[in-house]
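User: I am new to this structure and would like to go through it step by step. Could you show it to me before we start?

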Amino acid sequence: MSTLITGARPYGEDAADILVEDGRIAAIGASLSVPGADVVDAAGLVALPGLVDLHTHLREPGREDAETVETGSRAAALGGYTAVHAMANTDPVADTAGVVEQVWRLGQEAGLVDVVPVGAVTVGLRGERLAELGAMADSAARVRVFSDDGHCVADPALMRRALEYVKALDGVVAQHAEEPRLTVGAQMHEGDRSARLGLTGWPAAAEEAIIARDVLLADHVGARLHVCHVSTAGSVEILRWAKSRGVQVTAEVTPHHLLLTDECAEGYDPVFKVNPPLRTDADVEALRAGLAEGVIDAVATDHAPHAVEDKETEWAHARPGMLGLEQALSVVVATMLETGRLDWRGVADRMSTRPAAIGRLDGRGLEAHGRPLAPGEPANLLLLDPGARAVVDPAALASRSRNSPYAGRELPGRVVATFLRGVPTVLDGKAQK
C-alpha cells in the first residue's frame with residue numbers, strides 16, 4: 001500500500017511530497033511520482049508527527065455512558081493523535097494485568113489510535129498498597145506509566161516504594177499532585193474570586209507541596225517522576241529548580257490551563273469545574289512561559305468525558321473534568337504558536353516527541369511514536385490546515401460526552417488528515433471508521 005501526500009509543509013516549512021509505503025515514510029522530496037499510489041492533495045497543509053497524549057480518560061470499562069475506547073479513539077484521531085495513554089480510574093480500576101490488557105485489546109479492535117493503558121499505582125486507587133506493577137509491565141499492554149490520577153499518592157513512604165519499584169521496570173510514576181488535607185470540599189482556585197463566589201478554595205500550595213516532596217523523593221531514589229496537569233506558577237518554579245539539580249522529573253500542562261482562567265467560574269457553569277482548577281492570569285502566563293522554556297515538557301489533554309447528569313447539575317455536585325482531545329492542537333496553536341512562543345517544530349516537540357519519550361513509545365520499531373518526519377520512520381503523521389478557524393460545537397464532537405469548555409469559542413487550525421502507520425484514520429476531517 002502506497003500513499004503519496006503532495007505539497008505538504010513538514011513542520012510548516014517548505015512544501016514537499018511525502019511518500020508512504022508499508023507503514024513507513026519512504027521518501028520526502030519535490031515532485032515525487034509513484035504509479036498506482038493513492039494521492040492525497042495536501043497543498044498548504046502543515047505536516048506534523050502524530051500527536052501523543054499522556055493523559056486520556058476513556059472511561060471503559062465501567063462508564064461507557066460517558067465514553068468508550070472506540071469513541072475516545074475516534075475523538076483522538078480527529079484531533080491528530082496517533083497514540084493516547086488511557087488512565088487507570090475505570091471501573092474496575094486498571095490495577096491488574098487483566099484490566100490493562102482488556103483496555104489495550106479494545107484499542108486494537110478500534111484501530112484508530114494506539115491505546116496505551118496506564119496502570120494504577122495502588123490497589124483500587126486507594127493509596128494503601130501497591131498494585132500489580134510488575135504484572136502490568138509484563139502484560140501484553142506493556143505498561144510503563146503508572147498513575148492514581150484523580151487521587152494523589154499522598155503517603156510519602158508509599159510514593160517512595162512506588163518510585164523504587166517502577167524504576168526497576170524502566171517506567172515512570174505520574175503523580176496527581178494534590179495534598180488532600182488542603183483540598184477538602186474544594187470547588188475552585190482559592191483566591192479573592194472564590195471568596196466572593198462563596199465556593200471553597202483549592203490552594204495552589206496543595207499542588208506545590210506534593211511536587212516539592214516528590215522531586216526530592218525522586219532525586220533520592222534516582223527514579224523518573226512525571227507531574228500531571230501542572231496548574232500554578234509556583235509549580236513551574238519548583239520544576240525549574242528540580243531540573244537544574246538534575247532530578248529526573250517531567251511535567252505536563254493541559255490545553256485548558258493554557259487558555260482559561262478562574263474567571264470562567266463567574267457564571268457557576270459546571271463545565272468549567274476541573275481538578276486541578278482553572279487558575280489566575282498570572283498562572284496561565286507562567287504555564288505558557290514554562291512550556292516554551294521546556295520546564296514543562298508536554299501538553300496532555302486530561303480528556304475527561306462525563307455523562308450529562310454528572311455535569312449539568314449544581315456546581316458543588318458536578319464531576320470535575322473537561323473534554324480535550326479534538327481541540328488540543330487548536331488551543332496550542334492559539335496560545336503558543338500564534339503568540340510566537342513556539343514554532344511548529346516546538347509544537348511537535350511538546351505534543352509528540354517528548355510525550356512519546358516520557359511514555360517510552362519512542363523506540364525504533366514500527367510501533368514507535370513521536371519520531372521525526374523523515375525517511376525510514378513510522379508513518380504516524382497529521383495534516384493541519386493552519387488557516388482554518390471554526391467555532392466549537394459540542395454536538396458535533398466525536399466523544400460520547402458534551403462537556404467541552406470551548407463551546408462557542410472560535411479556535412484556529414483544523415486537522416484534515418491523520419495517518420497511523422500509513423493508514424488514514426482521518427481524511428478530509430472525517431474519521432474513516
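Analyst: A nonpolar core is a set of buried Ala, Val, Leu, Ile, Met, Phe, Trp, Tyr and Cys residues joined through side-chain atoms within 4.5 Å, where buried means under 20% relative accessible area, exposed over 50% and partly exposed in between, with a 1.4 Å probe and protein chains only. This is a predicted model, in which local features need pLDDT of at least 70 and side-chain atom pairs count only at pLDDT 80 or more, while totals for chains, interfaces and linings use all residues. Residues are numbered from 1 along each chain as its sequence is written, and side-chain values use heavy atoms, leaving out hydrogens and water.

User: Which residues touch the most other members of the largest nonpolar core?

Analyst: The largest nonpolar core has 100 residues. The members that touch the most others in this core are I5, F146, V227, L329, M351 and L383.

User: Is D302 buried or exposed?

Analyst: The "active site" annotation in an unreviewed UniProt entry covers D302, although such annotations may be inferred rather than shown by experiment, with positions given in the numbering used here and feature names shortened. Because its relative accessibility is 6%, D302 counts as buried.

User: Which side chain does a polar contact of 3.0 Å join to that of D302?

Analyst: A polar contact is a pair of N or O atoms within 3.5 Å; within protein, one must be able to donate a hydrogen and the other to accept it, and residues adjacent in sequence count only if both atoms are side-chain atoms. For D302, the partner in the 3.0 Å contact is the side chain of H57.

User: What is the relative accessible area of T313?

Analyst: In space, T313 lies 9.8 Å from V271, C-alpha to C-alpha, though they are 42 residues apart in sequence. T313 is partly exposed, because its relative accessible area is 30%.
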